[in-house]
Amino acid sequence: MKPHLAKKHAEKIFLGLALTALILTILFLFTLLWDVISDGFPKISGGFLSGYPSRKPSEAGILPALAGSAYLMALTAIIAVPIGLFAAVYLEEYANKSYLSRILELNIANLAGVPSIIYGLLGLQLFVRFADLGRSVAAGALTLSLLILPVIIIASREALRQVPKGFREASLALGATKWQTVWNQVIPNALPGVMTGCILALSRAIGETAPLICLGALTYVAFVPDSVFSAFTALPIQAFNWVSRPQAAFHENAAGAILVLLVLLVMLNSFAVFIRMKFQKQYTQG
Amino acid sequence: MRVKLVGLALVSLSFSVSAEKLSGTIKADGSSTVFPITEAVAEEFGKLNRDVKVTVGISGTGGGFKKFCAGETDFSNASRPIKQTEIEACGANNINYVEMPVAYDALSVVVNKDNTWMKDITVAELKKLWEPEAQGKIMTWNQVRSTWPNEPIKLFGPGTDSGTFDYFTEAVVGKEDLSRGDYTGTEDDNVIVQGVSRNKGALGYMGLAYYEENKAAVRAVPVINKDGESAVMPSSANVKNGTYVPLSRPLFTYVRTDALKRPEVKGFVDFYIAQAPTLTGEVGYVALSPSLYQVAAQRVNGAEAGSVFGGQGHKAGISLEALYKAGSK
């Protein structure tokens with residue numbers, strides 16, 4: 001066989017492998033989606049979305065779980081986004097490239113890979129017991145904040161680094177202080193990138209079950225949380241409970257709850273895509 | 001007609017006057033097996049008392065007692081009696097409790113639909129199959145009973161954290177938590193159903209409700225307690241008449257005595273005992289005899305603290321009626 005023929009074959013084989021990998025992934029995804037949608041879609045109704053849990057599968061609804069997930073997400077965003085952003089600003093704009101800051105960076109990268117259940121254990125001791133917050137929305141949100149902080153910090157640093165050095169130099173040259181430069185130039189320009197990272201991190205947080213179960217989040221809650229200290233349940237927990245019940249009708253409810261969770265996730269992710277596209281447009285215009 | 005209406009109005013008036021409006025929060029946690037019963041009671045109670053917030057968690061019988069003995073919950077659902085170590089943990093924190101039996105469950109031994117050989121199984125054979133010594137040795141069905149075929153055994157059961165595992169090992173092997181390890185363990189009984197329905201040589205055990213809902217997928221095997229006795233199917237009738245031994249087990253909820261002083265907790269307990277006979281059946285369990293619910297009510301009203309099991313666990317075959325008769329003051 002001539003060498004260029006062998007090259008051609010290698011090319012084809014490589015392309016074939018890559019394509020197979022892609023098709024397999026998509027096939028898995030669609031099977032999963034189809035399974036959830038075909039089981040769950042008939043369940044979705046006004047009553048299901050606005051109902052409370054019940055021993056009768058046909059009367060059971062997900063309102064407390066849906067509200068719990070929404071509260072959790074909002075509160076997690078309020079806590080984690082500012083802290084994550086400012087930590088990133090410090091590391092990127094202020095910290096000297098010292099030994100200490102390198103250790104810090106390494107640890108943050110490591111924390112992003114720690115299994116979520118470990119954060120659950122930490123949250124249980126720190127927030128539920130030590131801070132005496134109980135099994136409240138606040139304790140849940142603080143735990144999820146810890147879980148996604150490393151991801152937010154890493155994404156925010158990436159976004160800050162994307163802001164051209166010229167912006168900073170121009171601002172400083174015009175007599176702005178370091179703080180003014182960071183606040184008025186760097187952060188606004190990095191914000192879309194930061195937001196994208198934050199939203200992706202948040203969508204990871206709302207799908208998490210393990211840390212919440214570890215924290216002792218409840219399963220039967222027949223009310224919508226009325227404060228941050230209120231007890232709560234969340235969509236993944238409700239789905240988990242229904243899946244393990246004996247009656248098949250509960251399994252359909254679980255599929256319905258999973259579908260609602262999926263729709264929430266798709267909405268969040270499309271919001272992230274929307275922000276990124278808007279950001280790119282502004283950049284070329286400006 | 002008018003008299004009737006006036007009478008009705010008076011009755012409803014007196015009801016609304018006498019029934020004081022309850023409010024507050026009630027926290028229950030513990031066994032996932034007992035969860036559906038407490039959930040059903042909480043649901044009905046919530047319809048009548050909208051200002052009382054009842055929450056029910058699932059952290060397993062053992063996990064529930066940990067929270068209960070730390071003073072974090074008012075109720076602890078349990079699929080077995082409280083253990084000695086848990087009694088001590090509660091004692092160390094001065095947590096006193098009233099033990100309320102709420103229902104029976106029947107552990108069902110299930111096999112594949114294509115299993116034609118197993119018409120019944122004795123407790124001794126179940127022991128031979130599940131005891132730790134069987135691990136790696138009892139691998140085909142003809143080793144359990146010589147007339148059964150040379151078909152490989154595949155076992156499914158609950159994970160070791162489960163109260164169902166505790167009870168089955170105690171009742172069959174003779175000592176709690178003693179079991180062979182080479183079986184597929186899971187915290188979700190639906191996985192046992194799936195596993196058994198896909199393997200011809202499979203056997204598994206799980207709660208009655210899971211068998212009742214999956215009769216199309218798996219077959220229950222009648223159990224013979226002692227040689228010479230007849231084989232008994234798991235069913236609510238056989239649990240009630242006391243013939244399904246040793247695999248019918250009582251389920252409990254424990255309530256803190258100091259919590260009983262709160263009117264909303266007392267109201268919830270009274271409601272629990274009154275509704276349990278109907279609600280337990282609805283969610284797939286077997287109601288206790290009326291006299292046992294009376295005993296439960298008496299223990300609550302007299303705030304009789306402690307467990308009649310003395311931390312020893314429930315010995316299969318001893319009736320709850322006898323235990324509570326002896327244990328009540």
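Across the interface of domain 1 of chain B and domain 2 of chain B, 3 residue pairs are found in polar contact, both residues of each pair being at pLDDT 80 or more. The model described here is a predicted one. In chain B, the domain assignment gives domain 1 as residues 7-104 together with 249-327, and domain 2 as residues 108-240. The centres of these two domains of chain B, taken over C-alpha atoms, are separated by 30 Å, and 13 residues of domain 1 of chain B are in contact with 13 residues of domain 2 of chain B. Between them, domain 1 and domain 2 of chain B bury about 1,100 Å², and carbon and sulfur atoms account for 58% of this area. A salt bridge also joins the side chains of B:Asp166 and B:Arg80, with an N to O distance of 3.2 Å.

Chain A is likewise divided into two domains, domain 1 covering residues 3-43 and domain 2 covering residues 48-285. The C-alpha centres of domain 1 of chain A and domain 2 of chain A are 30 Å apart. Contact between these domains of chain A involves 7 residues of domain 1 and 10 residues of domain 2, and the area that they bury between them is about 640 Å², with 78% of it on carbon and sulfur atoms. Across this interface within chain A, 0 salt bridges are found, while 1 residue pair is in polar contact, with both residues at pLDDT 80 or more.

The interface between the two chains was then examined. The size of an interface is often given as the accessible area lost when the parts come together. For chain A and chain B, the buried area is about 2,100 Å², of which carbon and sulfur atoms give 47%. In chain A, the residues that lose the most area to chain B are A:Arg55, A:Tyr220 and A:Pro246, which together give 38% of what that side buries. In terms of contacts, 23 residues of chain A are in contact with 26 residues of chain B.

Polar interactions also cross the interface of chain A and chain B, where 15 residue pairs are in polar contact, both residues of each pair being at pLDDT 80 or more, and where 7 salt bridges are found. A:Arg55 forms a salt bridge with B:Glu43, in which the closest N and O atoms are 3.2 Å apart. On the side of chain A that touches chain B, at least two residues are supplied by each of β1 (220-221), α10 (235-243) and α11 (248-285) of chain A.

Over all chains, a search of the whole structure finds 30 salt bridges. Among the salt bridges of chain A is that between the side chains of A:Glu92 and A:Arg157, at an N to O distance of 2.9 Å. Because A:Glu92 lies in helix α3 (residues 63-94) of chain A and A:Arg157 in helix α6 (residues 137-162) of chain A, this pair ties together parts that are 65 residues apart in sequence.

Key
Residues numbered from 1 in each chain as written. Chains lettered and ligands numbered in written order. Predicted model: local features only at pLDDT ≥ 70, side-chain atom pairs only at ≥ 80, totals over all residues. Heavy atoms only, no water. Domains from an automatic or database assignment. Contact = heavy atoms within 4.5 Å. Buried area = accessible area lost by both parts, 1.4 Å probe. Salt bridge = Lys/Arg side-chain N within 4 Å of Asp/Glu carboxyl O. Polar contact = N/O pair within 3.5 Å; in protein donor to acceptor, adjacent residues only side chain to side chain. Helix = DSSP H or I, 4+ residues; strand = E, 2+ residues; numbered from the N terminus.
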